[in-house]
Structures are given as structure tokens and as C-alpha cells.
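Subject: Handover of a structure for your study

Dear colleague,

My findings follow it, and I would ask you to read them with the model open.

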Amino acid sequence: MTMTTKTGSPYLYVTYIRTTPEQLWHALTDPAFIKQYWFGVTVTSEFRKGSPWKLELPDGKLGDSGEILESDPPRRLVIKWRNEWKPELTNEGYSRCEMELVPDGEAVKLTITHSIESGEGKFIAAVSGGWPKVLSNLKSLLETGKLALTEAY
Amino acid sequence: MTSTPYVYVTYIRTTQERLWEALTTTAFMRQYWFGMKFESGFTTGSPWRVETADGRLAASGEILESVPPTRLVIRWLDELKPEIKAEGYSRCVMELEPAGSAIKLTITHSMEVGGEKLIAAVSGGWPKVLSNLKSLIESGELAIK
């Protein structure tokens with residue numbers, strides 16, 4: 001059987017947040033904090049190398065699952081990540097999401113690189129819409145204590 | 001070969017009118033644009049230019065479309081680095097759309113032919129400028145100086 005796979009460019013998003021690497025690491029790995037800026041999802045993981053990782057939607061349905069591939073607090077987190085609730089995205093297989101935290105003056109540069117080896121680009125298209133919302137909310141919450149978006153709409 | 005356009009999306013807790021003002025008021029822009037000095041009427045057909053904090057010409061061009069408070073399109077030539085200037089005029093589209101309690105700001109910076117150097121340069125610059133803009137509007141303070 002011949003399969004045609006088209007590998008798209010990774011999705012890349014950079015944001016500068018007025019915080020410390022330690023606070024940003026906490027914000028990226030603390031389930032109660034994540035739930036606030038990520039529209040009510042529940043993330044479960046120990047966030048250590050080899051830990052299982054899963055994300056449940058607000059209604060309790062499994063949204064995504066995978067494993068922590070690398071964890072180097074407060075600098076680098078790599079997640080093996082597969083969508084579990086949209087069959088056309090699940091079919092594209094596992095993606096790789098890298099989060100890098102680099103201090104820059106009074107801020108931290110956060111770089112998200114989300115890539116996938118197979119599929120037709122549907123997974124990357126989906127995360128391209130989602131990350132700006134989640135990361136805009138994260139930045140607002142850390143800098144002002146309030147969200148930018150209360151609903152994912 | 002044409003480079004892929006650079007696209008950046010950010011959601012800012014503000015109104016369309018306030019965000020439009022932040023994108024077109026030169027004294028305010030200077031705060032979040034690291035001291036750069038902008039000059040333009042920001043109406044369709046207006047000339048547009050940018051000087052560095054030390055007074056060198058950084059970019060020049062023209063406002064191609066101005067539809068307050070929803071859409072601004074700039075014809076944009078880098079004047080600072082000869083290798084980027086040699087790639088010619090780029091096009092920068094700014095779109096402001098209501099999104100619940102926030103405004104979705106989308107920046108699309110593209111070039112019709114080539115443009116690898118310009119796109120690489122603006123890919124580094126926009127996240128800094130727009131992170132600062134969001135911080136300044138939402139909290140009154142910058143993220144990076």
C-alpha cells in the first residue's frame with residue numbers, strides 16, 4: 001500500500017511574558033492554573049520525563065493524550081501529543097510540542113513549537129487556531145491576574 | 001520563490017477603537033516599539049515612515065488601506081539593512097476583530113516575490129512588539145524594554 005504523506009511546517013508561536021521562568025513553569029504545569037487560562041480543560045501529568053499526560057475537555061471527554069518526552073524545569077518541556085476527540089486529527093498520529101522558556105530582561109520568552117511527522121496538516125491547522133488564544137490568556141493572567149478571553153468561542 | 005507570509009495572532013483585552021488608536025498614535029507606538037518614531041496620517045494614500053530612536057530612517061512606504069477601526073494595510077520597505085531593502089516592498093496587513101471580551105489582532109506580513117530576509121527579520125520583531133503592545137494596553141507596563 002502506498003500512502004501519500006504531506007508534512008507541513010511546524011507551528012511556531014513566540015510570546016514575551018513579564019514574569020520569571022519559575023512562575024511561567026508553574027503556570028505551564030499546574031493543573032489548577034492551566035484550567036483558568038485554557039478554557040476549563042483538565043490536564044493531568046506529573047510533568048516528569050516518561051510521565052503520562054492527558055487533557056480532558058470541560059465536559060470530561062478525553063481531548064488529548066500522550067507522554068512527557070523531556071522535562072527540564074524551568075527551561076524546557078517536550079510533550080508527545082495526540083488528539084483523541086476528532087477522528088480526523090487522531091488519524092494523523094502523534095505530534096511533538098516543545099515549550100522553551102528563556103529569560104529576557106524582566107520578561108521570559110516562551111516559544112511553542114508544535115510539529116507532526118505525518119498527516120495532511122489538519123492537526124497543525126487546529127493548533128494554529130488554538131495556541132494564540134491559550135497563550136494570550138496565559139500572558140494576561142500572569143501579567144494582570146485577569147483573562148483576555150473568557151470563552152474559547 | 002515566494003516566502004510563506006508571516007502571521008501572528010494575539011488577543012488583547014481592549015476595544016477595537018482603543019486598539020486602533022494604539023496602532024496609529026505615534027507617541028503611544030513609540031512606547032511599545034522600542035523608541036521607534038513613526039510618521040503618517042494613517043489614512044489611505046498617506047506616506048508612512050519610521051525612524052530609529054537615534055534618528056536613522058528605518059522603513060518607509062505608504063498606507064494602502066485604512067478602515068478604522070478594523071483594517072490597516074501598509075506598503076513597507078525596510079531602509080535600515082541594504083540586504084533586506086534589496087528584496088523590495090512588503091505588505092503588512094493588520095486586522096482587528098471583536099472576539100468576546102477581547103480583540104483578535106492578526107498581523108500578516110508578506111512579500112510577493114522572494115522576501116526570505118525580510119520575513120526572517122519580521123518573524124523576530126513582531127512577537128516582541130506585539131507582546132509589548134498587549135502588556136501596555138492591559139497593564140500599563142511593557143514586557144520588554
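The crossing of H4(A) and H4(B) is right-handed. In this predicted model, H4 covers residues 122-144 in chain A and residues 116-139 in chain B, and the two axes come within 10 Å of each other, crossing at roughly 45 degrees. As background, a pair of packed helices is described by the angle between the axes and by the distance between them.

In total, 21 residues of chain A are in contact with 20 residues of chain B. On the side of chain A that touches chain B, the elements giving two or more residues are strand S1 (11-17) and H4 of chain A. The largest share of that side comes from H4(A), with seven residues.

I turn next to chain B as a whole. Its secondary structure comes to four helices and seven strands, which run β-α-α-β-β-β-β-α-β-β-α from the N terminus on. The radius of gyration of chain B is 15 Å, close to the 15 Å that the globule rule gives for 145 residues, so the chain is as compact as a globular protein of that length. Along the principal axes, the C-alpha atoms of chain B fill a box of roughly 40 × 30 × 30 Å. Of the 145 residues in this chain, 33% are buried. If one takes the contacts in chain B between residues at least 6 apart in sequence, 44% of them join residues at least 24 apart.

Helix H1 of chain B (residues 16-24) deserves a separate look. Which residues of this helix are buried? They are B:Leu19, B:Trp20 and B:Thr24. Seen down the axis of H1(B), these buried residues fall within an arc of 125 degrees, so they line one face of the helix. In general, an α-helix has 3.6 residues a turn, so residues three or four places apart point the same way. The cover over the buried residues of H1(B) includes strand S1 (6-12), strand S6 (90-99) and strand S7 (102-110) of chain B.

Some details of the backbone remain. A cis peptide bond joins A:Pro73 and A:Pro74, with omega at about -5 degrees; A:Pro74 lies in the loop between strands S4 (62-72) and S5 (76-83) of chain A. In chain B, the peptide bond from B:Pro68 to B:Pro69 is cis, with omega near -5 degrees, and B:Pro69 is placed in the loop between strands S4 (57-67) and S5 (71-78).

Two residues of chain B have a positive phi without being glycine. For B:Phe34, phi is near 55 degrees, and this residue is found in the loop between helix H2 (26-32) and strand S2 (37-40). B:Phe34 has 15 other C-beta atoms within 10 Å, and is therefore partly exposed. For B:Phe42, phi is about 55 degrees, and its place is the loop between S2 and strand S3 (47-51). With 17 other C-beta atoms within 10 Å, B:Phe42 is partly exposed.

Yours sincerely

Definitions and conventions: Residues numbered from 1 in each chain as written. Chains lettered and ligands numbered in written order. Predicted model: local features only at pLDDT ≥ 70, side-chain atom pairs only at ≥ 80, totals over all residues. Buried ≥ 20, exposed ≤ 12 C-beta atoms within 10 Å, placed from the backbone. Rg over C-alpha atoms; globule rule 2.2 N^0.38 Å. Contact = placed C-beta atoms within 7 Å. Arc of directions from axis to C-beta. Axes fitted to C-alpha atoms, helices over the stretch in contact; angles between N-to-C directions. Left-handed = near helix turned anticlockwise from the far one by under 90°.
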